[in-house]
Amino acid sequence: MDYEKAYKILFNAMTDAIEKIDSSGSFSPAITEGLEILKKAQRNTEEMYLDAD
């Protein structure tokens, strides 16, 4: 399995979903918290990816 390709596909899909939700306007605190969890996971995995090279 090509884990790098899988990572990029998932990361980009998360980015697209986050941007779509963010652009929709105001939403509940639970959605805001969920978005922050996703953004933190992206930052953490991106740091891991960059450190691995």
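1. Helix α1 (residues 3-22) packs with helix α2 (residues 29-52) at an angle of about 150°, and their axes lie 11 Å apart. The model is a predicted one. Angles over 145 degrees count as roughly antiparallel, and α1 and α2 are therefore roughly antiparallel to each other. The crossing of α1 past α2 is left-handed.

2. On the α1 side, the contact is made by Glu4, Tyr7, Lys8, Phe11, Met14, Thr15, Ile18, Ile21 and Asp22. On the α2 side, the residues are Ile31, Leu35, Leu38, Lys39, Gln42, Thr45, Glu46 and Tyr49. Sorted by class, this contact of α1 with α2 has 9 nonpolar, 3 polar and 5 charged residues.

3. Side chains of opposite charge can pair when their charged atoms come close. With a cut-off of 4 Å between a side-chain nitrogen of Lys or Arg and a carboxyl oxygen of Asp or Glu, the count comes to 3 salt bridges. They are taken in turn below.

4. Glu4 and Lys8 form a salt bridge in which the closest N and O atoms are 3.1 Å apart. These two residues are 4 residues apart in helix α1, so about one helical turn separates Glu4 from Lys8. Glu4 counts as partly exposed, at 41% relative accessibility. Lys8 is partly exposed as well, with a relative accessible area of 38%. Both residues are also listed in the contact with α2.

5. Which side chain meets that of Asp22 in a salt bridge? The partner is Lys39, at 3.3 Å from N to O. This pair links distant parts of the chain, with Asp22 in helix α1 and Lys39 in helix α2, 17 residues apart. Asp22 is partly exposed at 35% relative accessibility, and Lys39 is partly exposed with a relative accessible area of 23%.

6. Glu36 and Lys39 are 3 residues apart in helix α2, so they are separated by about one helical turn. Glu36 counts as partly exposed, at 41% relative accessibility. Through shared partners, salt bridges join Asp22, Glu36 and Lys39 into one network.

Notes. Residues numbered from 1 in each chain as written. Predicted model: local features only at pLDDT ≥ 70, side-chain atom pairs only at ≥ 80, totals over all residues. Heavy atoms only, no water. Axes fitted to C-alpha atoms, helices over the stretch in contact; angles between N-to-C directions. Parallel < 35°, antiparallel > 145°, perpendicular 65-115°, else oblique. Left-handed = near helix turned anticlockwise from the far one by under 90°. Contact = heavy atoms within 4.5 Å. Nonpolar A, V, L, I, M, F, W, Y, C, P; charged D, E, K, R; others polar. Buried < 20%, exposed > 50% of the residue type's maximum accessible area, 1.4 Å probe, protein only.
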